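Dear colleague,

Please find below the structure that I am handing over to you.

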Amino acid sequence: MTSRIPRDSRLRLVRPRPLAAAPRAVNQRRPSRPAPRPPEGTPAPAELAGMARTGLAGAARVARWADAALGPGRDGATADGKATLSDATAERAAADLGLSTAQLRADWDTARLAGLVEVHGDSARPGWRLRAWDRDDSAVLRGWVALFDAWSLACPEPDGHEPAAVAEVVSAMPQVLSFLQLSAGPVPVEQLLDLLQQRVTELRTERCEVSYESGTGQPAGAPAPADPPAGDAPLAPLLDWALRALATVGALTYGDGQATLTPLGSWAVWVKLEQICVAAQSPAGNIEQSAEDMLRGCAQLRPNAARAEYRAWLAARPVGSAVTELVDAARGDDALLRGLAFEALRVVGAPAEPDVRAVVEEPALRPYALLWLAEHDGVDPEDAHEVLTREEATWLWVDTAAAVADHGEAPMLVRHLESAVQPTVPRLLDEVRAVGHPRTVQVLVALAAAHPDPALAKAVRRAAFQVHTGG
């Protein structure tokens, strides 16, 4: 029986930490260990990236169209002056690309979920992955993994099922996918259905509260549920939906009563099981690189080593041009580079103050700039976050979560939840939705995929779906 008792979603109280320090967590290395090897027969990363490029070709094409047609300075995004996919924009894009409007919208949704395009209010701009699409295999694979994590948003769920039952199936699917990965071949749907039913039963058992009054099946003193539970709902239609959605994103093939993981799907499940990320290797010779490449090269360094690299890079060029390069890098779409750029500007110190003050009114840079200026004015780094409004702190939390989702490990994203200023998860989700960060959907999907608490993951997935659909 499904418990109707609300779970306590209050965040665990921790000692406040300066939000300026949050991006630094991305740079922390765990003790080195031999890199896990993928299962035998797994294609090379370059081959996997080629598969991902093929599967996301339509989404990349729409994202490039949006970059050319809807970017700043372009004429006539739509008749209503908005650069989002209104009906007029969708019809124009479909005509330009030779697609049906339905296919155009499907490719647009895929591009958003894969991080190839970001929507900022009434404007759209390409994500950082699109910029690196042709030259960076790891960026392509990260984009596909982001889509894989959001599989439940890629295909409408069947009508007539309670949201609780749908959430249970979404929570149970990782075990089904793990079984498919270990099977390394076709698996009958009947066998997957048995496994799904077992896992859903386990999830319902885990949610039960103690202690129970004998024979009631309810927590002691708890009122009887007002509605019948979703526990008796048939799972076969929901499994069919889940398998079709995973096939839509290219994670598996589904037909003739069986399912088989694709090479990309098998690799992605292995990555999740090993809790590792696909990360681009730092280029050698950071001192001679551009600011963006230098920051990428420092992303894998410990804070002290990174600061030494910043100092060497700054010493090799005029401070004015160096600061300009760093600020331009911070304006990019990669949240990790934004945080690292301001870390490098802290090394610059006073000469960077005019440039930092000049970007205070830019929404994406404002929280970073305010923290930099507070610390520059002598505020203790432990207290610098107090200069931010609640909305600015929430924006920074989402931006940092985006950096962790793109470049960190799943447990790190779960730990980042503790740095939120909101005291409960529902309040955090409400304010994250209201702040309008362009990476909100991807961040919430990644957090839901990473968090071990099924109830919390369900609430986060629901919030991601509501943001994605504009609800």
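Two residues are in contact when heavy atoms of theirs lie within 4.5 Å. On that basis, among the contacts in the protein chain between residues at least 6 apart in sequence, 68% join residues that are at least 24 apart. Please note that this is a predicted model.

The protein chain has 471 residues, and 48% of them count as buried. Its secondary structure consists of 22 helices and five strands. The accessible surface amounts to about 21,700 Å², with 52% of it belonging to carbon and sulfur atoms.

Leaving aside residues up to four places away in sequence, Phe 342 touches Ala 330, Val 356, Val 359, Leu 365, Tyr 368, Ala 369 and Trp 372.

As to the strands, S5 spans residues 258–261 and pairs with two others. Strand S4 (residues 252–255) runs antiparallel to S5, with four bridges between them, and Leu 252 stands opposite Leu 261 of S5. S4 and S5 form a hairpin with two residues between the strands, where Asp 256 adopts a positive phi near 55°. Strand S3 (residues 187–188) also pairs with S5 in the antiparallel sense, over two bridges; here Val 187 has Ala 259 as its bridge partner. Ala 259 belongs, with Leu 261, to the covered face of S5, whereas Gln 258 and Thr 260 make up the uncovered face.

Yours sincerely

Key
Residues numbered from 1 in each chain as written. Predicted model: local features only at pLDDT ≥ 70, side-chain atom pairs only at ≥ 80, totals over all residues. Heavy atoms only, no water. Buried < 20%, exposed > 50% of the residue type's maximum accessible area, 1.4 Å probe, protein only. Areas by Shrake-Rupley, 256 points an atom, 1.4 Å probe, with all protein chains shown as cover. Pairing = 2+ DSSP bridges.
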